[in-house]
Amino acid sequence: MKGAIAESDRQFEIPGRAQFVEGNGGLPKVRVTSHEATGEMYLHGAHVTSWKPAGLEEVLFLSSESRWEEGHAIRGGVPICFPWFADKVDDPKAPAHGFVRTKAWQVDSIAQVDGEVTVAMFTESTEDTKRWWPADFRLVHRVTFGSALKLELVVVNTGSTSLRFEEALHTYHKVGSVKEARVRGLEKVHYFDKTDANRNKTQQGEVAIDSETDRVYLDTRDEIELEDPVLHRRTRITKENSRTTVVWDPWVQKARSLSDFGDDEWMQMICIETSNVSDFAVDLAPGQQHIMKAVVRVVDF
């Protein structure tokens with residue numbers, strides 16, 4: 001809830017390492033400080049908004065125009081898309097990318113191991129979520145802030161029937177210039193081009209951004225590398241239990257149409273999203289759980 005840091009949450013604090021503070025718009029967040037990294041994670045959407053490995057610049061992009069309000073998703077960082085991706089196929093009035101990124105989550109645990117701090121938050125099905133999606137579920141976002149940023153999205157089917165869902169860790173990477181950045185590791189991979197009537201295409205060579213880009217790469221398992229010659233760094237993304245990778249940049253016109261996005265901010269970001277979407281949606285039996293993981297690491301240029 002806006003401006004409210006519950007005393008029950010204070011029990012999770014680790015002095016000098018993890019503290020609850022008031023964030024933008026009065027929304028509560030956990031601030032992490034260790035000798036390996038600093039970071040921030042909001043209860044609003046269990047949303048990671050900052051990760052800075054020791055001695056390095058900020059890795060995540062955050063829009064200066066983001067709306068820090070209940071009911072609105074934070075623009076940038078790592079939004080969580082669940083239980084559908086993009087628009088809901090059978091309900092155009094449903095919230096884009098699902099409903100959990102605009103919910104207030106609860107703290108599950110905060111732990112420290114050596115120089116790493118792990119923050120886990122959870123949300124569950126309610127009568128309100130069942131307006132959009134009838135399933136019973138528990139969702140946990142477990143984030144480890146250290147020399148690497150480790151993201152785990154845990155879905156548990158708490159109901160008596162099977163469920164099918166899409167999911168994405170919609171990570172916004174900060175870059176010096178998206179025109180100069182290159183994404184490697186998707187060579188010869190088939191993808192749906194959402195800017196070209198969802199046509200199925202094949203990636204030729206490395207990914208270079210020179211226009212609006214919205215692609216769902218299919219059956220991807222390999223490590224992905226983002227090279228940024230302007231900020232002089234390379235970022236590697238590895239993942240588990242993820243079969244699709246989304247690459248997105250709004251470019252000029254789309255950026256101008258987004259009220260929570262600066263007109264020129266498309267130059268400073270690229271989304272590389274660990275996901276299971278489209279034909280790779282996940283089926284989960286009653287009582288079962290699914291864990292999707294992503295690890296982001298900055299390596300020498």
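**Sheets, rings and backbone**

Reply: Start with E40, which stands opposite S50 in β4. Strands here are DSSP runs of E of at least two residues, numbered from the N terminus. This is a predicted model, in which local features need pLDDT of at least 70 and side-chain atom pairs count only at pLDDT 80 or more, while totals for chains, interfaces and linings use all residues. Residues are numbered from 1 along each chain as its sequence is written, and side-chain values use heavy atoms, with hydrogens and water left out.

Me: How many bridges join β3 to β4?

Reply: Six, and the two strands run antiparallel, with β3 covering residues 37–42. Two strands pair if DSSP finds at least two bridges between them. Y42 has H47 in β4 as its bridge partner.

Me: What about G45 in that hairpin?

Reply: The hairpin has four residues between the strands, and G45 takes a positive phi near 80°.

Me: How many residues of β4 are buried?

Reply: Six of the seven in β4 (residues 47–53), so the strand is mostly covered; buried means under 20% relative accessible area, exposed over 50%, and partly exposed in between, with a 1.4 Å probe and protein chains only.

Me: Which sheet does β4 belong to?

Reply: An open sheet of four strands in the order β1-β2-β3-β4, with antiparallel pairing. Its edge strands are β1 (18–22) and β4, each pairing on one side only. On average, neighbouring strands of this sheet are turned by 20° against each other, direction ignored. Axes for that are lines fitted to C-alpha atoms, for helices over the stretch in contact, and angles run from 0 to 180 degrees between N-to-C directions.

Me: What is the order in the nine-strand sheet?

Reply: That open sheet runs β6-β7-β8-β9-β23-β19-β18-β13-β16, with antiparallel pairing. Its edges are β6 and β16 (207–208), and each pairs on one side only. Within it, β7 (residues 116–124) and β8 (residues 137–145) pair in the antiparallel sense over eight bridges. E124 stands opposite R138 in β8.

Me: R138 again: which ring does its charged end sit over?

Reply: The ring of F122, 4.2 Å from its centre. K88 lies over the face of W84, at 5.3 Å from the ring centre. A charge sits over a ring if NZ of Lys or CZ of Arg is within 6 Å of the ring centre and within 35 degrees of the ring normal.

Me: On to ring pairs. How many aromatic pairs are there?

Reply: The structure holds twelve. Rings of Phe, Tyr and Trp (its six-membered ring) pair if their centres lie within 6.5 Å; planes under 30 degrees apart count as stacked, over 60 as edge-to-face and the rest as tilted. F61 and Y172 form a stacked pair, 6.1 Å centre to centre with 25° between the planes.

Me: Which residues make up the ring cluster?

Reply: F82, W84, F99, W133, F137 and F165 are linked by ring pairs.

Me: And the core: which residues have the most contacts inside it?

Reply: V30, W51, F82, I110, V119, W133 and F145, in the largest nonpolar core of 72 residues. Apart from it lies another core of ten residues, among them C81, A86, A168 and V277. A nonpolar core is a set of buried Ala, Val, Leu, Ile, Met, Phe, Trp, Tyr and Cys residues joined through side-chain atoms within 4.5 Å.

Me: Last topic, the backbone. Is the peptide bond from F82 to P83 cis or trans?

Reply: It is cis, with omega near 0°. P83 is found in the loop between β5 and β6 (106–113). Most peptide bonds are trans, and most residues other than glycine have a negative phi.

Me: Which phi does H97 have?

Reply: A positive one of about 65°, although H97 is not a glycine. H97 sits in the loop between β5 and β6 and counts as buried at 14% relative accessibility.

Me: Is A197 buried or exposed?

Reply: A197 is exposed, with a relative accessible area of 67%. Its phi is near 55°, a positive value in a residue other than glycine, and its place is in the loop between β14 (190–193) and β15 (199–202).
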